[in-house]
Every structure is written in C-alpha cells, then in structure tokens.
Protein chains: 4
Amino acid sequence: MTNESLRFGLIGAGFIGQSHGLAINAVNRVFGPRPLRAVATVLADLDERRARAQAERLGFERWTVDWREALEAVDAVIIAVPSFMHMEIAVAAATAGKHILCEKPVGLSSHQATRIAAAAAAAEITSAVGFTYLRAPMIRHAKTLLDRGDLGRPIHFRGRHAEDYLADADAPFSWRLDAKLAGRCGALGDLGWHIIAIARYLCGPISSLSGLTGTFHRTRPEAEGVQPRREVENEDWAGALLQFGTGAVGTIEVSRIAHGRKMDIAFELVCENGTLALAGERLNELQLYIDSDPVGESGFRTIHVNSAHPDYGAFVPAPAHGLGFNDLKTIELREFIVAVAAGRNVDPDLEQACRIARVCEAIIDSAEGGTTITAPEQAPGPAAPVTDREAVGR
Amino acid sequence: MTNESLRFGLIGAGFIGQSHGLAINAVNRVFGPRPLRAVATVLADLDERRARAQAERLGFERWTVDWREALEAVDAVIIAVPSFMHMEIAVAAATAGKHILCEKPVGLSSHQATRIAAAAAAAEITSAVGFTYLRAPMIRHAKTLLDRGDLGRPIHFRGRHAEDYLADADAPFSWRLDAKLAGRCGALGDLGWHIIAIARYLCGPISSLSGLTGTFHRTRPEAEGVQPRREVENEDWAGALLQFGTGAVGTIEVSRIAHGRKMDIAFELVCENGTLALAGERLNELQLYIDSDPVGESGFRTIHVNSAHPDYGAFVPAPAHGLGFNDLKTIELREFIVAVAAGRNVDPDLEQACRIARVCEAIIDSAEGGTTITAPEQAPGPAAPVTDREAVGR
Amino acid sequence: MTNESLRFGLIGAGFIGQSHGLAINAVNRVFGPRPLRAVATVLADLDERRARAQAERLGFERWTVDWREALEAVDAVIIAVPSFMHMEIAVAAATAGKHILCEKPVGLSSHQATRIAAAAAAAEITSAVGFTYLRAPMIRHAKTLLDRGDLGRPIHFRGRHAEDYLADADAPFSWRLDAKLAGRCGALGDLGWHIIAIARYLCGPISSLSGLTGTFHRTRPEAEGVQPRREVENEDWAGALLQFGTGAVGTIEVSRIAHGRKMDIAFELVCENGTLALAGERLNELQLYIDSDPVGESGFRTIHVNSAHPDYGAFVPAPAHGLGFNDLKTIELREFIVAVAAGRNVDPDLEQACRIARVCEAIIDSAEGGTTITAPEQAPGPAAPVTDREAVGR
Amino acid sequence: MTNESLRFGLIGAGFIGQSHGLAINAVNRVFGPRPLRAVATVLADLDERRARAQAERLGFERWTVDWREALEAVDAVIIAVPSFMHMEIAVAAATAGKHILCEKPVGLSSHQATRIAAAAAAAEITSAVGFTYLRAPMIRHAKTLLDRGDLGRPIHFRGRHAEDYLADADAPFSWRLDAKLAGRCGALGDLGWHIIAIARYLCGPISSLSGLTGTFHRTRPEAEGVQPRREVENEDWAGALLQFGTGAVGTIEVSRIAHGRKMDIAFELVCENGTLALAGERLNELQLYIDSDPVGESGFRTIHVNSAHPDYGAFVPAPAHGLGFNDLKTIELREFIVAVAAGRNVDPDLEQACRIARVCEAIIDSAEGGTTITAPEQAPGPAAPVTDREAVGR
C-alpha cells in the first residue's frame, strides 16, 4: 500500500465489474479520500477490446488481458469474473498478500469457497464479498432497529429473490446454466446468495433446512434461435424452509424465471413487537409496523430513505431523493476500504460466504434426498481436495 | 325442498355465522330468487341470548339452542360452529338428507372430515365448504385466465395467509389453541385451509410436500390479564414446500402472529407466459404480467374488479366500486344454491376438503419427522375409527 | 309511519336504485331493525318490465310505473332517477309529508335544488342526500381524527374524482351529456358533488373559488356506431382552486374521461401536524402521517379498516375484510333511518346540497368569466322562477 | 475549450453543488469521456473552509472564494448558489464566453432571468438549466410515448411537487423565505419550477392560467428556538389551473409544508388513448394505461426502469436496479456536454427558463388579482431595468 492510497486491480469488466469500476471512482468523492484514497490502477479482462475500452472509460491507469499481471501492481483486487475463475485468482491474490473483494457466488462450490477463505485467512489479508444489498441504507436501518431492540426478537422471516432474465423458455443457454462454469447452483448461486445473506444478517445463522428445486425450462438453444438445444444443468427455482439458531423460522424462494419480477429481492420479518418489510424494486423504502400504535391508527409505515439512515446523507442530504444500484456498490467499496485500513474483514467475509455456499448446496441436497438437513453451515469435515470437475475452470 | 324454496338452518351465530345469515338474506336480492329462493328458517346457537338476538336481526323465522331441532324443519344446514362440533352435526344432517354448507376447517381432523364426506356421499346430498376466497371475482378471474391458456402452464406458486390476531404474546387462550376443540392444526386449520384451497384451485392436487411449524408464544393467560398461563397446543406458524401433480412447485406460509397483517391472504403464480398476483387486503385487485407486452412498456397491470369478472356485475355494474367480505359470502351461498338445484356438489366439496385436511396434517407430520411426504392428499388406508380425543367435541 | 316500521318507496330501479333496494333489505340485518324497521313497500320505474323484475328481485311488496302512486303508501321515498325528474318528485313527496333520500346531483340546477330544499324545510320532513362516500368508515375516521385535534387545523386539500366511463371518444351520447336532462354540469354534477362534499366535510364551507372546465370529446354518436354525431352539452373535465372559510386552501379536479381511473375519488389533506390521504379504489384504507414519529421511522401508515372505525364492526368483526359499495349504501340508509327516528336531517342535508350545487355552477361561471367567485355557496338572491329549460324534465 | 476537454468551474458547494461536483467526476465514467472530457478545474464557495474541503473531496484542481477568479480558467460554469447571486455571475460568465449550466430558479425574478438569457444569447454560449427531473429515464420515456403517438394527444394533466422541509411551524427562517434573497416566489421558485417544467415538457407552452397561493406559517424564529420571530415573505403553497396552447388543461400544486411528502413530484397525464402517471418518490417507475387492453385485463402497468428507457443502460444493464438522484445529475451534465459539443442549448434552455419564471409570477399575480392571466409565458414588454431590490444580491 503506497502512501495512503489503495491501488485497485479490477478483474472482469462486464456488468458487475463496471459497477465496481464506477465505485472506485465515486468512493473518493462521495466519502472523501479517507481513510485511503482508492486508485484505479489496472483493469484486466480476457477480451482485449473490452479491457481497453472499459479501462479508458472507467479511468484505469492501464489494462491487461492477464489477471496475473494485474495482481502485481496493486494493493487490492476486485474479482468480478464468472465463479469458475474465482478460486485460482483469489488464491493467487491472497498468496501475493493482496486484499480481496470477491463477487458472489464465491467459487464454483463450497469446497472452492472454503479453499479461498483458507488462503485469505492464512495470508491475513482483508476480504469482502459482493453482498451489495446488505449495503442498502434501508436494510441496514432494519438491522439497526433489530439491534436497538424496539421490535423484540425475530420470529419468522419470508424472503425471496425473483427475476425474469431466463423466463423466456427460448432464451439462449449461457455460462450460468453450465455446471462446469457456474457450479451446481443455478438461481441459488446467482440470487440465493443475496437473500440468504439478508436472512442471516437479520436472523443469524441457519441451524437446519429443507429444500425443493426445479428446472422448468430444461433445454435451451445454444444461441438465439439456434438448434439443437442444450440441457440446462442447474435449477431455475428453489425454495427452502429454514430454522435459525435463535429459534426463528423462515421460508425463502429464488427464481430466475419469474415473469415480471425484475429485481425482486424482498423480505418480511415478523418480530415480537412489530414487523419489517422491504422490496428490492423499491429499495429506498422500508415498511415498518409497530404494535404499540393505537389500533385505529396502526398500519405499516412507508419510510422513505433519509439522512437518519446509514450512509444516505453522504450522497444527498435531502430525503427520498433515492440511491441507485451503483451507489450501493460505492458503499460496498467504502466498507472494504475502511476494513483494509482497520486490518479486519468486512462482515460477511469469506468465512461467512462459505457458510452461505453450504446453505445453497444443502438446499439442493435436501431437495434430492427429501430430508431435513441440520447444521447446513458447517463444513462437512476436512477440506476436500479439488476435484476434476472443480478444476475445469482453470 | 318445498316449492322452489330452500329452507336454511344456520347453526352457529358468531362472526362467520352472522355473515352466512346476512348472505341468506342478500342472495335472493343480488341474484334474484332463482333457481331457488333462500329462506332463513331457523337459527341455532348454544347461547340462548345470542340465538334470539341474531335470529331477530338476521330475519330467521325462529331460533333454538338445539341444533338437532334446527335440522328438522329445513332443506339445508350451514354449519358455522367450532370444528369439534362439525362431525356430529354434519353426519346427522347428511343422514337426515339435508344439504350441507360447512365452514372450514371441516371437523377436528382429516379422519373426521373423511367420515363427514362419507356420510354426505352416502346420503347423496349436496355439499359445499366455506372456502370464501375462492368466490372472490379476481381469484376466479385468475382461474379463467389460466383455463383460457393465455399464460401457459403454472410453474411456481407462492402463497401465504398471515394475520395478527394472536400476535400479542399476552392475548388470552381461546378454543382455537386447544387441540381438543380446534384439532392438531392451529394456523394451518384456520388460515392454511384457505391458502391451500387457492393453491389447489390454481395449480391442482399436491403430490408431495415438506413442512415446518413453530409455536412461538407457547403459553397464554386463560383470560385477559389472568394467571396462570396455559400451554398452547397447536402451531402459530407453518411453512411448506409443495410439489403439484402437474410438475409445478410452490411455497406456502401461514401465521396468526404476523404483526400488522390483518387479512393477508396472498399469492403469486408464475406461469410459462406471465404471472398473476393478488393480495387479500386488496381483494378487488388482480396483478397481471403478460410477457408479450413490449419491454419498454411491460409491467404488472393492476386490474380493478369490473363486470368482466365473475359475479361482480350482479352487485354493482360500475367498475372498481368493490365487494366486501359479506358479498363473498353471498356468492358462496349462491354457488351452493345453484349446486343444490343441479343435484351436484360445489367444487371444492367435502371430498376435496378431506384432501386439504390431509395436506395440513402432512405439513405437521413432515415438520415432526423431517422428511418429505408423498401423496399427502391420499387417505392413509381404511377410515380410522373415531378416537376418544376426536369424540370430545360432542 | 306505521308502528316502528319505515315504509320505503324506491323511485328508479337502475344501477343506483338497485343499490338502494339492496340496502333496504340489508339494513335491518346488519344493524338490526332499530330504531325503525325498513320495509320495501313499493318500487316505481317508468320501464314496466324493469319495475316488475327489480321489485321481485329486491323484495318489494309491489311495483308501479307511476311514481305518484308510489308516494301514497309509504313513509319515505328514495329518489334514484335522473336529475331532471328530481324537482317534481321531491316537491310532491315533501308536500305529502314523506321523508326524502335523494340521489345526487339534486335537481337540474341549484335553483331546482333550492326549491326542493325549501319544500322539504316547509314540510319539516327528514332529508338526506346520496353522498355515499361520506359513509365510508375510513373517510369518517379521517373526520374523527380531525375533530379529535390530533392533526391540528387543515391547511391544504387536494381532491379528485376521476373515472373513465366516457374516455372513449366514440362512446355514445347519453342523458348525462344533455343539458336538458342532466343540467349544465357534466363531470361536476356526476363526480364533483362527491369530491366537493368530501372537501366540505373535512375542511368546512368554501368561501371563494376559481374554475376551469373543458369538453374534449365535443360530439358523440347518438348510439353505438351510429351517425350523425350529437354535440355534448356539458364538461368532461373541471378543475378548481378553493378557499375555505377557515383559511385552508385546496384544489379539486373531476374527469369522466380519465383512461384507467375507474372509481378514483381521492384526497390528500395536509394539516398542521400531519397528513391524511385516501383513494377510492382502495376505500378500505386510510393513509396517515403523524409528524411526531421519529424521523428515521416516520412515514405514511396504511391503515386497514377495522372495528375501531365507524360502522365497520357491524358488518364484520375481523379487520381488513373490507366493505363494498353496497355496504356503504347500507350505512347511508341506516343514517337516514336514524335521522327520521330522531326527527332531524342527515348531514349534509338538502340545504347543504344546494350549497354544493352552487359551488359546481360557480366553477363553471368562473371558468367562463375568468374571475374568482366569492361566497359561491350563497344563494344569489330571491329564488328564481323555474325556467322552461328546467321544466323540460317533467 | 482545450483539446477535447471541457474545464468546469463549480460555483457553490452546498447540497446541489455537491451533486454537480459528483457528476463532473461520474460523467466521464458512465458515458465515457466523449464528446468532451469533463474536467473539475475550480470550485468556488464563499465559505473558505467548505470550498477547500469540497474541492478536495470532489477532486477539483483548485478552489477559491471568489467566483470571478473561477471564471477565468474554465470553459463552462455550473451556478449552484442561491438565486439572488445568479444574475451577476451568469451575466459575467456569458460575457466572458463561458457556457452556463445554471440551477433553478434562475435569478430572483423573471426580469433577472430575462437579462441572463439575453446575455447568454448575445454571447452565443451554450446554456442549460438544472431541471434535474426532466433527465429521469421514466419521464423521458413518457415523452417518447407521447411523441410516438401511441397515446394520442394530451388532454388533462395533474401535477404536484410537495415536500415537507418547512412543515414544522417552528422550523427556523432561512434565505428561501426572504424575498430579497429568494425572490417573490417561495414554493413556486423552489418546487414549482420543476413541476411546471414537466408540465411544459409533456404538454407544451401554457396559454393562460389562474392561481391561488397561501402562506400558512406566517412567522418563523430567526434560528432554532430563538425569539423574536420573523415574517415569512413568500408562499408556502400555490395551486394553479392551466390551459396549454394545444387545448389541453391541467392543475398543478406545490407545497413546502406537506407533512410526510419528502420528494413528491408527481403527475398524471390523461391522453386520448391512455394515461401516464409517475411519482417522484418512486422515480424509477412509470405507470401506463393503454385503452386497447381488453376490459378484463386492463389496468395501469407499473413499468420498472430498464435499458429500453433513455440513458438507464449506461448505468446498469440489468433492469430495475434503479438510479439515484446523483445519477440524474450525471445525465443532466451529459446533456450539457453534448450540447456544448454540438454548439446548441439544452432544452429547456434559459429562454424557456424565463417563460417558467413568468408562469410562476403569473400564478402569484393571478392569486393577488383574482383573474385569469393570458399568455403568461410572454415577456411583459421591454426588459425592465434592474431594481434596487433585485440588485441586492450583488
């Protein structure tokens, strides 16, 4: 780390990489260049043309097609490539002593996530995971209300993350549907990580679960309008019944084929003395019911984001002007920078990510076996060796 | 049946009995006295004072405290008493050749429901069950859209019925919490019947399930502010993962302790070509997403009830003027009267009710056993004899 | 009035007459037959076939095509015919000592309304006007909150009543568009009466106003698809700026051509210490903002109707089960019956209706003259003689 | 303009200046540094401490307390200071040949705005005005739908901009309430400019209007909790009835005292074949009703922002992830840069701003005079000399 700066290497310049690139730029402005100034040092992407174009656009000092090269000149890496590439990059980064902000799902499997987490722990670097929605002011305010005790203990949680990017039965096959490139988890890997992270953030660790999954569009054309069709290798939809260590319970559901739902990450949490609810398509609002309001005047309050809610005021002082998705990425990066400066991880860190990965796999295991799975967050024993299948991504 | 009239005996004059009594009166007016004129012949309630007052108010020809007496002078009975009394009354009614409209949950258990259904079938009378929400114009319109094929096959369903009538941890014990009087099912018996009926109405029979339940307020005062507290004997909350015979999947949840949710029966059904959603606190609205709308102009449509939707026009010709709960009871009674005249049952009938009762019990069995239960709608073998516990209600 | 009964004559058996007929039947059941039992004595409609059919359906003892005949045998009349017939019927009814529940708009003009009110006052009968929405529990609860003083004084009001029954430019001409039959006011007569009544109910009398009107579909076919087209004689849309006697201000708007708005009577009332809002398509909900909630937890509360709100509990004891339009008509009739028994008028009565009629006309006068009109509720001087045009309806 | 760069001077580093500063930084990243790269050259603020801190945070090359100094080294200025300072700065900037992006309301009065516009026209520089909401993708999509002709001509418009920043009667006096510093317009100047700009954007120029205004909290403490109180010099609330040149009509309302409304800029526009509606607290959604949907399936569609809507895709490719207020400022700056490169103004430009200023003043004039004002957008004659009062800001 050179002189109060934090030099970033961004690996992957697609949708989510671009958001990270914008955040590197924005974070110094929104929050001020403290405790460390973020520097956009190098951008790596396998696609040379995209690497060059995005580096210019996002203001990186230079670009490369070789992520290994990117590691050398930086203090921290943001890993924003498909999951099958995570393990190799992350382990190399940790070994080289680089701090890591890794997109979710981390690795192809919980085994890979575990290896990444172990490498990060051994290297004593700072890690963070791209749980973007946990940075939303209204979700953090929900947590504040819980921690403050106003609502009593959580009792039951209902969560979902539904989108429709694959609702069209003839939408073409993509890497996300290929178990070698995306892993065994489909909607769970892409969307489940987010809603499980929120469930755990508000209710704590999961102590047992049962799951159900379904793949409804079983084959897809290799490309738009092309024959033959290829078999889809992971689930379109999953549901689970959850028990939390605290005694709370819940249901969650994820879908990538839910017509009309565009970014529908949503939850409702009933507590002893009130209820919280939020929907991702209206992420700047929190619904709150407090049981002490008089019966004639009680109802869910629609709270619009304002400067009483975490981090919002740094963007706009006036209420209800709204944050966008890229603003959440800016908050995410800010949390990472603060953690680097403090020599700690961002919560949830890679170790927590392993737990979430195991929960996703346990949902699939339960669906396949028809039984409840207890202690789904625990590693199944000594870390398994990397299997051939997992190695494919290299 | 005397001369184009249908003489009704109403057994039970509490909240739901009163709605039925209003419906007997309204049905002739809203739909005209055809095919049969409903006649409010006799009202029975164990509480003499309530029997007399409600009979006068609701326009019954006479009242009694003895339900057996009520059976004699009528063509049909509406059974609106707590579940533990259903079996004795319903079997007697069927045996006497009286048509039966029975409130849900039917009987104390699926065993009792099965006996009732058997008696009804043997007597060849018309039966109907108080699945009030299935009569809502917008839920029926949802079914019409499915049957018409516009949306393709159902894929995944998410349903809930959440209320907060027991959300206060110190709300007193009531018969609903006593297994002897309400049965083994708590929220499932009261609320689960409704949402499971909707799930089956839209998606068909349930082929397997797993469940989870919880009782969070484990003791309650016998009466407001009184000590000691009594143990609650059935669940406050239940969740389930469902598989339908068609291959569709779903999640459902019921809660009687969900602060702020007053009549929150709600569902979202994703189909091949669109999505339907509805929430009971806004029962005069249906949300519809159709995938053929252009991407820039697509979104859920909020459809307000109008005369294109089943039965609404009989109440008000102008759109969006809204029906209330008692109007749904009027439609329910209308369907019953039409079925009586046609010599058939209302769908879902008592046989279907048995299946729903078994689904509720299977959710509890699955929660207790930690395994998926297949064919939950099927009777477990030859009808079991009435047990002592079940007999208590007499 | 015979022996604790109140014998009703219903004049007009169309949409709104039918709702009144249902209410005569329902009111004894919902509220009990006290202080007076409503009796459906006679129904009059010019269309013999409709008269007979509706009388049978709605349970009237007899029917007639001659409203004069209907007057004879009753204690009270409900006038549910087009406005051009109001004056003759109402004056005759009052002269005969019959109580009057008259639909809005009362008469063809404020002059006619004034004559009706004078006749009613002279006869000392009880009068009421069909301001149905003023009977909605959540609008009455809004008034309760204001009267209780929690919110401080009203400051600014925004109201509208928008529907789309004439939004189609080719929808055929109807009596509502004919000044001889419907009066000078179009949307103001049909919809403006409702929203002005709400404005006055919550904010008090109007002390000055300016108005703007527009007729956008200036001709319409005489019947579906028929040529030639006929000129529309009153406004499709009107807006007004209002000053209330209390110093509060407001805007109102009415439209009968607002695509997509089905029953969109809505208001927002900002007070010194909070805000109330309600929308007619969700008439069972009230929005309430209270400024004393903490800034991080403040927001509009969505209050669902429950038994803490006026009259709801008489229909259903459970919260949020909803009332429909016909239930509001039942409450309206109940208020009328109570007023008859007490020997007083329902507020707003015919005298208030005259004021509302004058406000509607003042909006048109202001629109035509381009000036603010002060004291719009006051009669312009000695009652004007009935003009030929007004007499046409006879 | 030096070599494909556009050097910016930002004058004013408060809330809105900060958003502009963030935008200078973000615009190159989101849209790429083309056609011109925005450079944060110099920031000016009278408060030295704020100038220094914001310059560092927002990445300006240097800072100053003297706006004249800021003019020298730049190609364009962003004027983000209170209105009383606009005229002097803008005229100097234009005279010096600097392009101008000026916040609204432009100048203390329409006279000042006219002088600024004249100076800009004479200097042939590019001008733009901070009509931020006109840059929102869903408002622009509304305009696209209108221009495409799908909905037919606009018929009636209802708009409002309500906030509650002065709803507390004891909120202290501020420069916005002082006619010398903020001008004769209160809520109209701050909020009216936005909603009038939207009305004109969608419906075209305003041909006549009548207005009503009110100041309800007539005195305020000079500072929090301090005595004595000072008289408020402009309106808390205004309403207007509008006629557009096209024949369309409308109502608008502004309030700075509307408890619970945080950023409630909203409109509903009824057209010949459908209706558009939008609310600022949910700025990433557009409501659309199309009259050709079948009656049973018609309803307002809630359209979530996606890449089919202008500029959204540059921020996030995935739908419904949302833009925040600062993103709108980035789009605003982008439009300005494109206009500079093309040698034209952004629409609406300073000449349009003069018209909006005149509309605001005409609303007040109408309220004072009680008459309709025709041609409110036209200048009243030869440009009036700067008065003493207007000169105060210098």
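This is a predicted model: local features need pLDDT of at least 70, side-chain atom pairs count only at pLDDT 80 or more; totals for chains, interfaces and linings use all residues.
**How chains A and B are related**

Two copies of a chain are related by a rotation about an axis and a shift along it.

**The contact between chains A and B**

Chain B brings 46 residues to the contact and chain A brings 44 residues. The size of an interface is often given as the accessible area lost when the parts come together. Here the area buried between chain B and chain A is about 3300 Å², and carbon and sulfur atoms give 62% of that area. On the chain B side, the residues that lose the most area to chain A are R158(B), L241(B) and H259(B), which together make up 20% of what that side buries.

Between chain B and chain A there are four salt bridges. In one salt bridge the side chain of R261(B) meets that of E268(A), with 2.9 Å from N to O. The count of residue pairs in polar contact between chain B and chain A, both at pLDDT 80 or more, is 16. Several strands of chain B supply at least two residues each to the side that touches chain A, among them β7 (154-162), β8 (206-214) and β12 (249-255). The strand that gives the most to this side is β11(B), with six residues.

**Salt bridges**

Over all chains, the structure holds 140 salt bridges. One of chain B joins the side chains of R229(B) and D170(B) at 2.9 Å, N to O. This pair links distant parts of the chain: R229(B) lies in strand β10 (residues 229-231), while D170(B) lies in the loop between β7 and α7 (179-182) of chain B, 59 residues away.

| Salt bridge | N to O distance |
|---|---|
| R261(B) and E268(A) | 2.9 Å |
| R229(B) and D170(B) | 2.9 Å |

**The sheet of chain B**

Strands of a sheet pair through backbone hydrogen bonds, either parallel or antiparallel. In chain B, six strands in the order β3-β2-β1-β4-β5-β6 make an open sheet with parallel pairing. β3 (62-64) and β6 (127-129) of chain B have a single partner strand each, so one side of each is left without a neighbour in the sheet. From one strand to the next the twist averages 25°.

Strands β4 (residues 76-79) and β5 (residues 99-102) of chain B are paired in the parallel sense by four bridges. Opposite I79(B) stands C102(B) of β5(B). Helix α2 (residues 48-58) of chain B lies across β2 (37-44) and β3 of chain B, and runs at about 160° to β3(B).

**The sheet of chain C**

Chain C has an open sheet of six strands in the order β3-β2-β1-β4-β5-β6, with parallel pairing. Its edge strands are β3 (62-64) and β6 (127-129) of chain C, each pairing on one side only. The twist averages 25° from one strand to the next.

Strand β2 (residues 37-44) of chain C is joined to β3(C) by three bridges, and the two run parallel. A44(C) stands opposite T64(C) of β3(C). Helix α1 (residues 15-30) of chain C packs on this sheet and touches β1 (5-11), β2, β4 (76-79) and β5 (99-102) of chain C. The direction of α1 of chain C makes about 155° with that of β2(C).

Methods: Residues are numbered from 1 along each chain as its sequence is written. Chains are lettered from A and ligands numbered from 1 in the order in which they are written. Side-chain values use heavy atoms; hydrogens and water are left out. Two strands pair if DSSP finds at least two bridges between them. Axes are lines fitted to C-alpha atoms, for helices over the stretch in contact, and angles run from 0 to 180 degrees between N-to-C directions. Contact means heavy atoms within 4.5 Å. Buried area is the accessible area (1.4 Å probe) that two parts lose on being put together, summed over both. A polar contact is a pair of N or O atoms within 3.5 Å; within protein, one must be able to donate a hydrogen and the other to accept it, and residues adjacent in sequence count only if both atoms are side-chain atoms.
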